[in-house]
Each structure stands twice: as C-alpha cells, then as structure tokens.
Amino acid sequence: MKWGISVILLLLCTLFLQAQSNLTWIRTKEGKMVAVPKRMVFDLDLPKFVYKSFTPSNRQLIEAKLREFVPDFPVWSVYEQERPMDMTISSVAYQPFFNPYTPMLRRVSPMALDFHEVLIVPASEQVTFITSGRQYTWPGAGGLTRINVELLWRHDRFSLSGGAFGGRYFTPFNPSPQFMGGFNAMASYDVADWLTVRWWGEYTFYDQKEKRNPHMLMNPFYNHTSVGGAFEFKVNDSGFKVGVGVNYEYNPIRGRMERQFLFYPAGKIGMFHIGN
C-alpha cells in the first residue's frame, strides 16, 4: 500500500515539474523518455524610440561667433536680400557681382567677363522691341560696353528698324572709361527669294578730344558715324548669303566721309547666324 502511494506521489511530482519546465517529455517506441524544448512565444511589442537632434558643441560655437559679425539691419535692407549662390540670375552681366572668383578671373584673362545678350519682346505681329547688351575687350587695344534699344517693324518683304545706343569705352589713350552714344537705323527689302537690298545709317558722338584717337578710329568694332547699302545674294537653300556693298564712314581726323567697299558673308551656316 505504501509502495502504491509512493508511485502516485512520484507521478504527481513529475507532472508538476514537467508543467514548470521548458522541456516536453516524450516516450519513444522503444520505451525511452526524450526531452524536447517547448515552443516559446516572444512579445516583440517594443516601445517607440525617442531621440533628440544633436548639434556638436563646436558647431554651436562657430554659429555664435558668426552671429557676432552680422549687423542688425532692418528687414527692408538690401543686405537681407537673398544672394543667388547658385549663379542662376537673369543676366550674365551681373554674375561678376555675385561671383567670389571675379578678381581671379580678371587676372587670368582680360576677356573673362565679356558677354553678349539679346532680349526680344514682340509687341504685335509686325512690331518687335529688341534690347541687346554686349561687352568686348581687346587686350592691349581697349574695350567697349554698350547697350542698344530699337524697334523693328516688318511688313511683307519690307523691314525697318531704328533706335539708340549708349555705353562706355576705353583705349590705351584713355585708360579711364569714357562715355559715348548715338542713333542708328536700318532698312531692308527682299526683291526676290535670292536677292535682298539693305540700307543703314548711324550717328555716333564721342568726346571732342577723342577725335584723334587711333585705337578708336581703327577698331571696326567701335561705333562710328556711317551710312551705306549693300546687295545680299542667296547662295544655297540653307539660307547662306553673300553681301556686296559700299559704306561711307566719317573720319574725324580728315573731317570727311571715306568710302569703304564691303564683301561679307550673311545668313545661316548650319546652326550659326552671320550678319543681319
């Protein structure tokens, strides 16, 4: 009787230990007891990670030092306006004012800051407003900065344009830039598909003391008082033309108009446009 009670107590202890253990006891076909780990279920509901932005102490010190050198300007001040650091501005003529490498570019090449821009604004089907600005530099011979505004009127095969220009120039004879200005006009008529007649005239005024400046008089890129005309002949179907004409240019040294014979290319060559 005692032996039976002992067996029952032993079985109850075994079952209790099995329930509390992480092992499962299994009896094989041979009658052996094998312990197998139980399948565990883990709770992966982790709390959200809370963090704060970190700024290095040295960066805070640098920003504090920089703020000491920023003056307290009003909001409307020009100083508060944003600088186009990406150089995306409306005109290349203003890029030297925002480019920190401008002094270096001037030392590398005197022509580094030259530009040529054209703005065309159609006012109607026949009238167009044109503004152009350009700057040329000839090392050792001088330079020119000029802006030109004009109106262009077209009707069928006839076109007429006129306007005014102004700017400044400098040569070895006048290292300090001098101002100049004037008026110009041009007309053209397409007689046929292969022939165009062109006329032009320009009046330019400089300082009186510049009348004997050879650098200004001998440079064809400077504006000079002149009048002339030409015939332009179409050479091929792509639009390339050849012009032949006569130009009379005023020579202030001799005080008279001097004749010049012209022979020049015009029209289109591939993607390039030459002449008027």
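## Confidence in the model

The chain has a mean pLDDT of 77, and 68% of its residues reach 70 or more, where pLDDT is the predictor's confidence in each residue, from 0 to 100. Over residues 73-82 the pLDDT is below 50, and this stretch has six contacts in the model beyond near neighbours in sequence, a contact being heavy atoms within 4.5 Å. Residues 270-274 also have a pLDDT below 50, with seven contacts beyond near neighbours in sequence.

This is a predicted model, in which local features need pLDDT of at least 70 and side-chain atom pairs count only at pLDDT 80 or more, while totals for chains, interfaces and linings use all residues. Residues are numbered from 1 along each chain as its sequence is written, and side-chain values use heavy atoms, with hydrogens and water left out.

## The chain as a whole

The chain contains five helices and 12 strands; helices (H or I, at least four residues) and strands (E, at least two) are DSSP runs, numbered from the N terminus. Of the 276 residues in the chain, 22% are buried, and here buried means under 20% relative accessible area, exposed means over 50%, and partly exposed lies in between (1.4 Å probe, protein chains only).

The accessible surface of the chain comes to about 21,700 Å², and 63% of that surface belongs to carbon and sulfur atoms; such areas come from the Shrake-Rupley method with a 1.4 Å probe, and for residues only the protein chains shown count as cover. Among contacts between residues at least 6 apart in sequence, 37% join residues at least 24 apart.

## Salt bridges

How many salt bridges does the structure hold? There are three, each defined as a side-chain nitrogen of Lys or Arg within 4 Å of a carboxyl oxygen of Asp or Glu. One of them joins the side chains of glutamate 232 and arginine 198, at 3.0 Å from N to O. Because glutamate 232 lies in strand 9 (residues 226-234) and arginine 198 in strand 8, this pair ties together parts that are 34 residues apart in sequence. Are these two residues, glutamate 232 and arginine 198, buried or exposed? Both of them are buried.

Another salt bridge joins the side chains of arginine 157 and aspartate 193, at 3.8 Å from N to O. This pair links distant parts of the chain, since arginine 157 is in the loop between strand 5 and strand 6, whereas aspartate 193 is in the loop between strand 7 (174-192) and strand 8 (195-205), 36 residues apart. Arginine 157 counts as partly exposed at 35% relative accessibility, while aspartate 193, at 63%, counts as exposed. In a further salt bridge, arginine 254 pairs with glutamate 258, their closest N and O atoms being 3.1 Å apart; arginine 254 is exposed, with a relative accessible area of 56%, and glutamate 258 is partly exposed at 24%.

## Aromatic pairs

A search of the whole structure finds nine aromatic pairs. Rings of Phe, Tyr and Trp (its six-membered ring) pair if their centres lie within 6.5 Å, and planes under 30 degrees apart count as stacked, over 60 as edge-to-face and the rest as tilted. Tryptophan 153 and phenylalanine 158 have ring centres 6.0 Å apart and planes at 65°, so their pair is edge-to-face. Tryptophan 153 is partly exposed at 33% relative accessibility, and phenylalanine 158 is partly exposed at 29%.

The rings of tyrosine 169 and tyrosine 206 have centres 5.0 Å apart and planes at 85°, so this pair is edge-to-face. Tyrosine 169 lies in strand 6 and tyrosine 206 in the loop between strand 8 and helix 5 (214-218), so the pair ties together parts that are 37 residues apart in sequence. Tyrosine 169 is buried at 0% relative accessibility, and tyrosine 206 is buried at 18%.

## A surface patch and a loop residue

Leu119, Val121, Phe129, Ile147, Val149 and Leu151 make a nonpolar surface patch of about 500 Å². Patches are made of residues with over 30% relative accessible area and no salt bridge, where like charges are joined within 9 Å and nonpolar side chains (Val, Leu, Ile, Met, Phe, Trp, Tyr) within 5 Å. The elements that give two or more residues to the nonpolar patch are strand 3 (115-122) and strand 5, and strand 5 supplies the largest share, three residues.

Aspartate 156 is found in the loop between strand 5 (142-155) and strand 6 (158-171). Although aspartate 156 is not a glycine, it has a positive phi of about 55°, and this residue is exposed, with a relative accessible area of 76%.
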